[in-house]
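Look at the model below and follow its strands and helices in turn.

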Amino acid sequence: MGKNLAIKILEAHLVEGELIPGKEVAIRIDHTLLQDATGTMAILEFMAMGVERAKVELAAQYIDHNLLQTDNRNADDHVFLMTAAQKFGVHLSKPGNGVSHQVHLERFGVPGKVMLGADSHTPTAAGLSMLAIGAGGMDVAMAMAGHPFHLSCPKIMGVKLIGQLQPWVSGKDVILEMLRRHTVKGGVGKIIEYYGPGVETLSATDRGTIGNMGAELGATTSVFPSDGRTREFLESQGRGDCWQPFAADADATYDDYDEIDLSQVVPLIACPSSPDNVVRVKDVEGIKVDQVIVGSSVNSSFRDLMTVCRILDGRRVAPQLSFNINPGSRQVLENVADRGGLMSLLLAGAQVHQPGCLGCIGMGQAPGTNQVSLRTFPRNFPGRSGTKDDKVYLCSPETAAAAGLFGVITDPRKLGEMMPWPNVQNPERYLVDDSSIIHPLADTSGVEIVTGPNIVPFPEFEPLPEDLQAEVIIKVEDNISTDTIMPAGNKVLPLRSNIPAISQFVFGQIDQEFPQRAKAKGNGVVVAGENYGQGSSREHAALAPRYLGIRAKLAKSFARIHKANLINFGILPLIFKDPADYDLIGQGDVLIFNGLRRQVAEGATEIPVRIGDREIKTILQVSERERQDLLAGGTLNHVKQKG
């Protein structure tokens, strides 16, 4: 039988193990991606390893998240990242140049390469047929230091695309359809591979949109073939020489299958407060809208923004709402302006912001009390916008523009009654300006890393004890996201390189007493339901609880990246053998793990836990390498022990 594309790329990069689903493998990394919310800690981790220069084909550091400079901290950390990038041979994209995913697609992406990024939306690079995987900063720092990336070999889910999208329907609706079908847990342990005749009808940036939000399915990553549309995009960027064709064999097989007839996809919208709470737009028509935002990490490409420009051209947005544009890159903004789109936006009453993540990560653009916000963003987890009890909907640029004109949620197909379908295509040749990208120096001996007062040394952690007695500090439900564990936003993110300070915000959305309670107890446990730690790759959601004394987390299941981050910082990720035991544990209960270190060292998969006069069984599903990390108290300790 033939091979699918994902397996072909994995085989070409395989360093250790066999490509059997569920077995640990190690793969060679070609590109690494850091952004400023994760990059400061990742660079500190890289520095702790004592490596003089990044050892991958291409390492890139983007400054795109913490763009609000309300005091010295973000500005200081940007200088730290700039000088560290120069010192270690890393490409640096300056503030305002754009969101990492869009810029990497434009200027660095290469078909068939494997990229590891400290951002869960790294799979945007699927638009260029890269196998791009989100991970914690520690894993990316390890890759930069020349180590392969270890992961549990995923299953490959083949999604056959047939037909062609109808007018007023776009790539965002395709991934919303996937979320409607499969939920935020449907992609866990899987790579989503798109194939079939419908693929060639989607541009590279439409594919990037679908790859980006594959993260919301919980997928390891997504991938598209490298074909004529891939070549078209690379040539438009002046990078056609790096194109190569990549595709699955005609008789390729997959572990799971699905099929989408693109001609049957309709405008969809994710209602508050989960990306999989998806309904047809026409089913929620008429809801008053107060805020619209187009752009940020997804739907911020030229086609997305220019479509909005054409819809708004010669018209005004509804008087009661604010209409915001967050371009994905300076290049996107320059090309939209070159074709007259910027003036259309301004005359329509839109607010055009600098290229960056901005409201997507809670850095400004928070909606008001009880206001409805329509966003083309990838996530609408509770409170992520910066407003408690927010009402955030996720939609396509077409649906966002329709709401902007009518002032209420509106099926964008109704725009066809007042204007022709814009049918915007990406340019045959983009205006390209790389002046905001600082390329690595050949000789870095004279570069000094500038460390501001906000940079605090990486905390030291104790190894796993022989016995552990720990209190349950908090018990939470299913689908808890990393936004709930470690909030983002302009109040918290500037503390990203100061673990003692940022730890004071752990679980702040639901339990503001958690940090003090955890610190007072010395050793603590978190109990959770299904899919614990979904969403962002931010390792602070593991690192900060570890600093507060959390030594184990008991859950019905874990999201992939968060589980890896827990292991990286020496927190035991235990799964209930019997999910019903979740109901037997409450906050304040004391859990006793006798002979814990010995059991982990001996390879035990079943870890008994005593709670008063009862005993329950938990499962430790980790590799031998991960066991050594846990025993050492974390990956960095283990690396240092090995020299």
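Four strands form an open sheet in the order E11-E10-E9-E12, with parallel pairing. Strands here are DSSP runs of E with at least two residues, helices are runs of H or I with at least four, and both are numbered from the N terminus. Two strands pair if DSSP finds at least two bridges between them. Strand E11 (221-223) and strand E12 (256-261) stand at the edges with a single partner strand each, so one side of each has no neighbour in the sheet. On average, neighbouring strands of this sheet are turned by 20° against each other, direction ignored. Angles are taken between N-to-C directions and run from 0 to 180 degrees; the axes are lines fitted to C-alpha atoms, for helices over the stretch in contact.

This is a predicted model, in which local features need pLDDT of at least 70 and side-chain atom pairs count only at pLDDT 80 or more, while totals for chains, interfaces and linings use all residues. Residues are numbered from 1 along each chain as its sequence is written, and side-chain values use heavy atoms, with hydrogens and water left out.

Gly158 stands opposite Tyr257 in E12. Helix H1 (residues 5-13) lies across E9, strand E10 (190-195) and E11, at about 125° to E10. Helix H6 (residues 171-182) lies across E9, E10 and E12, and runs at about 130° to E12.

The other open sheet has six strands in the order E7-E6-E3-E4-E5-E20, and its pairing is mixed. Its edges are strand E7 (131-134) and strand E20 (437-438); each has a single partner strand, so one side of each is left without a neighbour in the sheet. Strand E3 (residues 31-35) and strand E4 (residues 58-62) pair in the parallel sense over five bridges. Thr32 has Ala59 in E4 as its bridge partner. Helix H4 (residues 100-107) packs on this sheet, touching E3, E4, strand E5 (91-93), strand E6 (114-117) and E20. Contact means heavy atoms within 4.5 Å. Helix H5 (residues 137-144) also packs on the sheet, where H5 touches E3 and E6.

The last topic is a helix pair. The axes of helix H9 (residues 302-312) and helix H12 (residues 397-406) come within 9 Å and cross at roughly 30°. Residues in the contact include Arg303 and Val308 of H9 and Glu398 and Leu405 of H12.
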